[in-house]
Amino acid sequence: MFDDNNKTTSHYIYMRTICAIVFVTFTFSYLFFYQSDVLTLTQHILSGGKTHYQPLIGSLLITLLLFLVQLGVYFLTRIRLRFHALTYFPSLLLLAVLTNIEPEIIQNKTYIHWFWAAPLLLIIYVFAVFLVKQYQQIETFEPKVSFAIKLLWINLLQLFFMFLFVGVVGSNNDILHYRLKMETSILRSDYETALSVGKKSLISDSSLTMLRAFCLSQKHKLGEDFFTYPIVGGSESLLPDNDNVKTYLFPSDSIIKLSKRKSVYYDYKLVKLLLDRNLSLFVKELGKYYKIDSKLPVHYKEALTLYAEKYPSEKAIFQDEAMKADYLDFDKMKHSHTDKMARMSELRDVYGTTYWFYYFYGV
């Protein structure tokens, strides 16, 4: 049996200390760096927007509370040696439940699926603790450094699988995380940071499209950079409708109001026509708001180049030989592969940030 008075308990204390450090480091990092936006949304909805979640303070407090839960479980169960890491399971189960958030669950203020899952897991845990306690009566501690190292790795392996459980159960919806990170930045008027969120990812939805359009409009770059992002939802995704296109943290009414300002309204109007692929009306409207020259936003020049190539009988109102050469290369690449997926991949790699790619392949 394990002897509390034996000098070799220093190895056991070392293992406990390492496990505690690993647990605290994982929990704080997981909360602060990955789930802070989700917890911001949770507090925002549950408080009706009256209180605001502070990521650093919140992560520290939750980590401390979960560690205190672990200490309580340890003093109740006295699980030691090979299975000491099991004392962290209730804390990690709470962490998983806390971060297993989907907006619909929060808005309905219900965690129905955890009403049966969490108690069931705890019942299994209690049974496992009972078996471990029986085994612990015959468990021996070897006063060797090699055994201490073995003991440490056995417990770290258990912690690893419990961390994996938290990662699988917790909210890992990329689109949700992108939207919340963007809205958090928008609340600070930090549009540059908001636009960097998920920029290299092809994953998107109509609400992300709306948020990016808003940020670009505030930086007066809607006609310059809008089609460099993946677009979902067409022209209907430019503004919130509080149904398929909506916000969680930043007021939708503010986006609608700001989009109607004279300095950005015309860009919304022109981009809407481009999203609808209405090139004829776009060409007619463009001259009302912009001087047709080389200083036009790049997507507007791409649209004019496309229009000139599609309707050669029409008098070209804008010509850029370099851009025309790029479009002809794009057109050639459209017919370079018989395999549709290979053709799409090649075009996306070279011209995926152009209006031309959206016009022919966007949805």
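## Helices, loops and contacts in a predicted model

F28 lies in helix α1, which covers residues 9–34.

Q: Which residues does F28 touch, not counting residues up to four places away in sequence?
A: F28 belongs to helix α1. Its C-alpha atom is 9.1 Å from that of L64, a residue 36 places away in sequence. Leaving out residues up to four places away, the residues that F28 touches are F33, L56, S59, L60 and T63.

Q: How many of the eleven residues of helix α2 are buried?
A: Helix α2 runs over residues 36–46. Its buried residues are S36, D37, V38, L39, T40, L41, T42 and I45.

Q: Is C19 buried or exposed, and what about C215?
A: Buried means under 20% relative accessible area. C19 has 0% relative accessibility, so C19 falls below that cut-off.

Q: How many disulfides does the structure hold?
A: A disulfide needs a pair of cysteine sulfur atoms within 2.5 Å. By that criterion, the number of disulfides in the structure is zero.

Q: What is the phi of H220, and where does H220 lie?
A: H220 is found in the loop between α10 (206–218) and α11 (222–225). It is a residue other than glycine with a positive phi, and the value is near 55 degrees.

Q: Is N242 buried or exposed?
A: N242 lies in the loop between α11 and α12 (252–259). Its phi is positive, near 60 degrees, although the residue is not a glycine. Exposed means over 50% relative accessible area. N242 has 53% relative accessibility, so it counts as exposed.

Q: Which residues does L275 touch, not counting residues up to four places away in sequence?
A: L275 lies in helix α13 and is buried, with a relative accessible area of 2%. Its C-alpha atom is 5.6 Å from that of G234, which is 41 residues away along the chain. Setting aside residues up to four places away, L275 touches F226, F227, I231, G234, S235, L238 and Y358.

Q: At what angle do α13 and α15 cross?
A: Two packed helices are described by the angle between their axes and the distance between the axes. For α13 (residues 262–275) and α15, the axes come within 11 Å. The crossing is left-handed, and its angle is roughly 40 degrees.

Q: Which residues make the contact of α13 with α15?
A: By class, this contact has five nonpolar, one polar and one charged residues. On the α15 side are H299, Y300 and A303, and on the α13 side are D267, L270, V271 and L274.

Q: Which helices do the buried residues of α14 pack against?
A: Helix α14 spans residues 279–289, and its buried residues are L279, F282, V283, E285 and L286. These buried residues pack against α13, α15 and α18 (355–361).

Q: Is α15 roughly parallel or roughly perpendicular to α16?
A: The axes of α15 (residues 298–310) and α16 are 10 Å apart, at an angle of about 65 degrees. Angles of 65 to 115 degrees count as roughly perpendicular. So α15 is, relative to α16, roughly perpendicular.

Q: Which residues of α16 does α15 meet?
A: α15 passes α16 in a right-handed crossing. The residues of this contact divide into five nonpolar, one polar and four charged. From α15, V298, K301, E302, T305, L306 and E309 take part, and in α16 they meet M323, K324, Y327 and L328.

Conventions:
Residues numbered from 1 in each chain as written. Predicted model: local features only at pLDDT ≥ 70, side-chain atom pairs only at ≥ 80, totals over all residues. Heavy atoms only, no water. Buried < 20%, exposed > 50% of the residue type's maximum accessible area, 1.4 Å probe, protein only. Axes fitted to C-alpha atoms, helices over the stretch in contact; angles between N-to-C directions. Helix = DSSP H or I, 4+ residues; strand = E, 2+ residues; numbered from the N terminus. Parallel < 35°, antiparallel > 145°, perpendicular 65-115°, else oblique. Left-handed = near helix turned anticlockwise from the far one by under 90°. Contact = heavy atoms within 4.5 Å. Nonpolar A, V, L, I, M, F, W, Y, C, P; charged D, E, K, R; others polar.
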